[in-house]
Amino acid sequence: MQDNLYKWIGKSENFFVQALVTLFIPTFFFHRFYQKQINLFKKAILLLSFDIDFKEDVKAIPKLIEELSQYDIKAGFACVGHWVKKFPSSHKLIVEASHEIINHSNTHPNNEQTNPNQFFNQLLISEIKKEIKEADKIIKDYLETSPSGFRTPHFGHLNTNKIYPVLKELGYRYSSSTLAIRSDSFGAPFIHPEGIWELPVTTCPYHPHSVFDTWHSLREKGGWHKKRDSFLKTFDKILNFAVEKRIFINIYFDPKDMVENRYSKGWLNILAQYKNDLMILTGAKIVEKLNSI
Ligand SMILES: [Zn+2]
């Protein structure tokens with residue numbers, strides 16, 4: 001009964017439900033919701049990834065790769081065909097450093113720099129196929145690697161069930177395109193009828209219905225966690241909770257924000273503190289482990 005109540009609140013689109021939770025019981029709800037996860041790994045797991053959505057993100061790749069290598073962390077990079085084709089050498093750095101490439105569509109609909117006038121969930125099935133297949137081909141041709149994961153541009157509300165048969169046809173193993181708070185698994189990985197794993201994205205402890213990314217933290221409405229300490233402290237809070245409750249969390253950031261001097265290294269130092277108790281894995285590795293359990 002209680003489980004259903006938490007699921008109902010998580011899935012609620014009602015402004016007043018979301019506002020009441022955010023104003024009065026955000027962290028209480030966040031903790032209660034996520035600790036209901038059944039984590040098959042029995043250990044805290046972090047899926048860390050980055051979305052290369054804008055030209056500024058492409059420019060940030062070399063510095064980010066360098067910093068990740070200093071901390072010996074492997075991550076996923078959701079890449080857009082349009083940018084891979086335009087800047088193949090920057091994207092090659094990702095592959096050369098043994099990070100994982102995730103298919104993030106060909107034009108990233110609803111992006112002012114690549115395709116401002118379309119929305120992914122409103123595309124025809126043929127257009128969705130084209131978006132996924134063209135990005136897949138560009139990644140294979142230019143980067144000589146085969147992606148096994150996909151992330152819907154802007155995911156969440158712009159995700160659509162139309163992607164899963166296409167992913168199956170292409171032999172993909174997973175998607176990371178939904179909000180954890182809307183999942184029946186309380187944010188744990190779950191499998192779609194097509195056999196594709198879904199790795200839901202974790203939300204913010206202070207705004208449980210919003211994803212905890214740099215857009216939410218630093219940009220949306222001036223940034224909900226703009227103060228240096230607030231962004232990093234919230235990140236620390238999520239990691240601490242994941243370790244304490246041994247749950248699965250999935251966090252992605254925009255590279256352009258993470259290499260800025262005010263955050264650069266700060267977030268990696270926080271992550272390093274949890275290294276003994278938190279497994280940091282890419283999506284492909286997580287799915288490999290899930291399939292062997
Ligand atoms: Zn927040």
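**Exercise 1.** State how many helices and strands the chain has, and decide whether the chain is as compact as a globular protein of its length.

*Solution.* In this predicted model, the chain holds 13 helices and nine strands. The C-alpha trace spans about 50 × 40 × 40 Å along its principal axes.

**Exercise 2.** Describe the largest nonpolar core and the surroundings of Phe 77.

*Solution.* Begin with burial: 44% of the 293 residues in the chain are buried. The largest nonpolar core contains 72 residues, and Ile 52, Leu 64, Phe 77 and Cys 79 have the most contacts inside it. Strand E1 (residues 44-52) gives the largest share of this core, seven residues. Now turn to Phe 77: leaving out residues up to four places away in sequence, its contacts include Ser 49, Phe 50 and Ile 52. Among its other contacts are Ile 94, His 99 and Glu 100.

**Exercise 3.** Locate His 108 and Asn 110, and classify each as buried or partly exposed.

*Solution.* His 108 sits in the loop between strand E3 (100-103) and helix H7 (125-143). Asn 110 is also in the loop between E3 and H7. Neither residue is glycine, yet phi is positive in both: near 45° for His 108 and near 65° for Asn 110. For burial, count C-beta neighbours inside 10 Å. His 108 has 27 and therefore counts as buried. Asn 110 has 17 and therefore counts as partly exposed.

Note on methods. Residues are numbered from 1 along each chain as its sequence is written. This is a predicted model: local features need pLDDT of at least 70, side-chain atom pairs count only at pLDDT 80 or more; totals for chains, interfaces and linings use all residues. Helices (H or I, at least four residues) and strands (E, at least two) are DSSP runs, numbered from the N terminus. The radius of gyration is taken over C-alpha atoms; the globule rule is 2.2 Å times the number of residues to the power 0.38. A residue is buried if 20 or more other C-beta atoms lie within 10 Å of its own, exposed if 12 or fewer, and partly exposed in between; C-beta atoms are placed from the backbone. A nonpolar core is a set of buried Ala, Val, Leu, Ile, Met, Phe, Trp, Tyr and Cys residues joined through C-beta atoms within 7 Å. Two residues are in contact if their C-beta atoms, placed from the backbone, lie within 7 Å.
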